[in-house]
Amino acid sequence: RRRMEEPLEMPPGEESKPCSFSGELPADPSLQVEISDAVSERDKVKFTVQTKSSLPHFTRPALSVVRQHEDFVWLHDTFSENDEYAGIIIPPAPPRPDFEASREKLQRLGEGNSTLTREEFAKIKQELEGEYLAIFKKTVAMHEVFLQRLAAHPILRRDHNFHVFLEYNQDLSVRGKNRKELLGGFFRNIVKSADEALITGVSGLKEVDEFFEHERTFLLEYHTRVRDTCLKADRVMRSHKSLAEDYIPIAVALGSLGTQEVQQLQMSFLKLAELFERLRKLEGRVASDEDLKLSDLLKYYMRDSQAAKDLLYRRLRALADYENANKALDKARMKNKEVKSAETHQQLCCQRFERLSTSAKQAWAELTDFKSRRISAFRKNLVELAELELKHAKASSLLLRNTLIVLKGDV
Amino acid sequence: MAAEREPPPLGDARQPELEELEDGEDLFTSTVSTLESSPSSPEPASLPAEDISTSSNGPKPAEIILDDDREDLFAEATEEVSLDSPERDPILSSDPSPAITPVTPTTLVTPRMESKSVTAPVIFDRSREEIEEEANGDLFDIEINVSDPEKVGDGMNAYMAYRVTTKTSLSMFHQNEFSVKRRFSDFLGLHSKLATKYLHVGYIVPPAPEKSIVGMTKVKVGKEDSSSTEFVEKRRAALERYLQRTVKHPILLQDPDLRQFLESSELPRAVNTQALSGAGILRMVNKAADAVNKMTIKMNESDAWFEEKQQQFENLDQQLRKLHASVEALVCHRKELSANTAAFAKSAAMLGNSEDHTALSRALSQLAEVEEKIDQLHQEQAFADFYVFSELLGDYIRLIAAVKGVLDHRMKCWQKWQDAQVTLQKKREAEAKLQLANKPDKLQQAKDEIKEWETKVQQGERDFEQISKTIRKEVSRFEKERVKDFKTVIIKYLESLVQTQQQLIKYWEAFLPEAKAIA
């Protein structure tokens, strides 16, 4: 299913499961989107997006286009900048594919580290290739779930840009623009949070609706916490990886001891070497499962909670703008200067604010949905995490106990 | 360590020596009585005792030479060790033991002194039962514990005192259970005495733990942090292992200095431990080894066994170093994992607090608790990784250095013998010349010198044969110990790993229903 430039092996036991973070997405036959293929080239990934749809505005029932990461970001930005969707939690854009670290490691390995034996080299290479593959699969999943959430959303699925994204079989040519926009987006986010602090802090502006105010307070704290937990989970996962990597030279050293030792110790060392080799694989699986079920879950909800925050920010911003516009209009009328422009501006802000008020119901639904998504995603992944940890611990324990039986019998 | 090995003067001169020793040595006061209770078939003495002037404090120690073939101590060995034996198989062959049957020890000879008649050896104080007990396998009923590290004094003069407790039923000790306080330099002093006495005749003396200036300074300065506690614990464990290995050695166990170390409440301060610390001795041994190699001793190795052993230990040394380095990395990363798990647990707890859905909040708190427990597990496992596995490897790397040292001593011994032969030859040639030149007065001197060097050559040959024989036995004993040690440690280590996994299973099994309860 997934192609890659460099020939890589599929690590055992890792099927490509649909991303489970977004909760249960309704299986809606009227619009089905999936990433059927992906190619990793030097500095970019090309995703093949396939759409099956019975919706009237698509020209054909089955579509296939090739898109790059920047196209996804562009699509996201058009949504988040669209006033019409101000009351909607825009699904967070997928993170940029990042093979840097993995590629560096492979390169360093290839540069010829003379202290490694051939055996060690092969094993480390296998580890790193598996890592590369895992990152690749993850990035595909992230891009896919973004599109699938859009497709599942009653309003967003009908968006014109979304349609273009899915159908237009030429290059979207967003890249040039997007470099600047990406940078702009980065600054925009900083400005946003500063702005938010300003609005609430200085002017003491609060949400008109208690529900939204409560949600805002909750989300602010939650987002910070989940970001921290995500970071810490990542470190734990990396430590497990280090451990797994440590087992490689140990197994190799034990193996050579086994072949060279006196007869009485040969079996012990060879058995130990075998054991550590298998423990390494188990430890590696613990690391990757923690990564998938915990780190990735937390990362996703870090982004999703940010998207929810953005929604609330937009509301607040619109409210502030409306209030300011009213004040400006009053001032202009008093001074009888530039009244017209003030009036126009006030009207715009008013419209915006009213639209938000009408979409309040929508926003309320979105936030409730966010909560239930979050709960079901956590439940699913924590259960799976516990089950997998149990599975690996039981396998390790069995392996160790069997080895002990053999070694004790040898005495 | 420079031991003068002049053959003891024969004849009357010996008497005062013997008496002097008998007076001074605790060793012999009890043996006199057992001489009365006659043991069966005393071994005829075949090797002369040798004096060694040592730098140790206390009375001049007796030379300790094992008698030959009826080696009771090694009754378990299935191979007869003898220089001329054609059976130079790898030690501990798995074949059923050949013609040699383990001999019920009837005579145990240590230490020996050249007595007035050349026959009756002095028999050491061992009861028949103890000796037989040894033969049956569970040797040396003696257990040493090093515990209760206590800081004594202040500032840079402070030191750590350790309690050394001995539990034993061996009658050579005055009590069955006793303890003393010792400091690190005392251990180094003990090792230096033992090394000086036994290394150069081929006994593998276990090396003492190494000095650490950094570690000790922290302790002296009074840093009460975890790294100095760790350092003290590491040292305590190392000292304990050192003593246990030393008492396991049948010859060393009977050394008076060792007994004094274990028993005496007051021990004279060891001097010059700087130079004679484990590391110091190792350095000297290594330097000697290098010197020996550089002298290109093209030793006419008539015995392939030694060449084989040299190679074998060389390989083993390399392999163990590699493994040791890898295990040290494992310890380090496991400690990191523990720290990261603890940080994650705290963070997850906070996340649980801010989560407003009740069931999810509770599940996250439970997750935090599980992770906290798992952090503990990782810490304990790292502990086992280090103290069980890593330290064993470190110990054996140092022990193998001692083995290599002993092999080098044999080379030096051979060299000395060869040199004596060369000198003898020269003396003979000189004498011949003098004969022709007809200088009667100088001739007598030359003849005397020839006699002297003839004796030296004989002595050199005997020494060489002796050290070769001793080393064979020692290596056999060492390897047996090593196999046992490794097997025991491997099992212990694996059991620690099993324990960790079993605990993990418990924790996750407890957590799973909590996760499922999120509604």
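The points below cover the basis of the values, then individual pairs and a network.

1. This is a predicted model, in which local features need pLDDT of at least 70 and side-chain atom pairs count only at pLDDT 80 or more, while totals for chains, interfaces and linings use all residues. Residues are numbered from 1 along each chain as its sequence is written, chains are lettered from A and ligands numbered from 1 in the order in which they are written, and side-chain values use heavy atoms, without hydrogens and water.

2. Over all chains there are 56 salt bridges, each defined as a side-chain nitrogen of Lys or Arg within 4 Å of a carboxyl oxygen of Asp or Glu. One of them pairs Glu355(B) with Arg374(A), with 2.6 Å between the closest N and O atoms. This pair crosses between chains: Glu355(B) is in the loop between α11 (304-354) and α12 (358-437) of chain B, and Arg374(A) is in helix α9 (residues 360-410) of chain A. Helices here are DSSP runs (H or I, at least four residues), numbered from the N terminus. Both Glu355(B) and Arg374(A) are buried (under 20% relative accessible area; exposed is over 50%, partly exposed in between; 1.4 Å probe, protein chains only).

3. Within helix α11 of chain B, Arg321(B) and Asp317(B) are four residues apart, about one turn. Their side chains form a salt bridge at 3.2 Å, N to O. Arg321(B) is partly exposed at 46%, whereas Asp317(B) is buried at 6%.

4. Glu449(B) and Lys427(B) form a salt bridge, their closest N and O atoms 3.1 Å apart. The pair links distant parts of the chain, 22 residues apart: Glu449(B) lies in helix α13 (residues 440-516) and Lys427(B) in helix α12, both of chain B. Glu449(B) counts as partly exposed at 25% relative accessibility, as does Lys427(B) at 22%.

5. In chain A, salt bridges with shared partners join Glu119(A), Lys123(A), Glu127(A), Glu277(A), Arg280(A) and Lys281(A) into one network.

Terms used. Helices (H or I, at least four residues) and strands (E, at least two) are DSSP runs, numbered from the N terminus.
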